[in-house]
Amino acid sequence: YNFPDKFRITENQITQFNKILMDTNSARKFERLEYIKDKFEAYPPFWYYLGNAASNIYRKHNKDEDSEEYSSYRLEAINAFKKYLGLTKHNILREDPLAASCSLELFDLIDDIEEKTRLLDHACKYAGNSLDVLQICAMSYLEIGNIEKACDIIRMLVNEGYNSSLNCRLLSKLYVDQYSRALSDDSKLEYKQKYDT
């Protein structure tokens, strides 16, 4: 088909890649993936797993005294996750757990609120019916102060019966807080609709 050779992955390379993914030592996994990355230039999942390994190393050592020594792993993770998102920007899948996970992991590594919001929107889009992923999205929206989107997701989770005891209390608190601070005229109505039934 006249594809460039960098787009071709052999069965042996995939077998090696799969063995590397089974490695439980994040530092060793990262090094092993780094060693073969030139062979997986156009394979999006590779870049997610490379970023995931780097992110795990960074998070493990982030609170250590030597955390500065590990800050390069944060940048490695960010670059790998961005490469994954770039390679999958024309994703044709309606639901893609890897894309949602990538966005959520990148969310934790960056500080820009606008970019964080875009990543959460992306994660929600590809989460599909993965209610556990949507729960994380709702908590992340709360983290950046986007109460409205968080309430929308939590309300859906309540309606689906997912983690109901926690989500009902959380939704109630958010509605009461919005109403008491007059942030939303609809909060009282929404609260009544949920809790009068």
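## Basis

Residues are numbered from 1 along each chain as its sequence is written. Because the model is predicted, local features need pLDDT of at least 70, side-chain atom pairs count only at pLDDT 80 or more, and totals for chains, interfaces and linings use all residues, while side-chain values use heavy atoms, leaving out hydrogens and water.

## Helix 3

Helices here are DSSP runs (H or I, at least four residues), numbered from the N terminus. Helix 3 covers residues 44–61, 18 residues in total. Its end C-alpha atoms lie 27 Å apart. The expected span is 1.5 Å times one less than the number of residues.

Helix 3 is mostly covered. Of its 18 residues, 13 are buried. Buried means under 20% relative accessible area, exposed over 50%, and partly exposed in between (1.4 Å probe, protein chains only).

## Helix 3 against helix 4

Two packed helices are described by the angle between their axes and the distance between the axes. Helix 3 and helix 4 (residues 71–87) pack at about 160 degrees, with axes 8 Å apart. That makes helix 3 roughly antiparallel to helix 4, a term for angles over 145 degrees. Axes are lines fitted to C-alpha atoms, for helices over the stretch in contact, and angles run from 0 to 180 degrees between N-to-C directions.

Contact means heavy atoms within 4.5 Å. On the helix 3 side, the contact residues include Pro44, Trp47, Tyr48, Gly51, Ala54, Ser55 and Tyr58. On the helix 4 side, Tyr73, Arg74, Ala77, Ala80, Phe81 and Tyr84 are among them.

Asn167 sits in helix 9 (residues 164–180). Asn167 is buried, at 0% relative accessible area. Leaving aside residues up to four places away in sequence, Asn167 touches Gln135, Ile154, Leu157, Val158 and Tyr162. Leu157 is 10 residues from Asn167 along the chain, and their C-alpha atoms are 7.2 Å apart.

Pro97 belongs to helix 5 (residues 97–109). Pro97 counts as exposed, at 52% relative accessibility. Pro97 and Ala123 are 26 residues apart along the chain, with 8.4 Å between their C-alpha atoms.

## Cysteines

A disulfide is a pair of cysteine sulfur atoms within 2.5 Å. By this rule, the model has zero disulfides. Cys102 is buried, at 0% relative accessibility. Cys168 is partly exposed, at 26%.

Methods: Helices (H or I, at least four residues) and strands (E, at least two) are DSSP runs, numbered from the N terminus. Angles under 35 degrees count as roughly parallel, over 145 as roughly antiparallel, 65 to 115 as roughly perpendicular and the rest as oblique.
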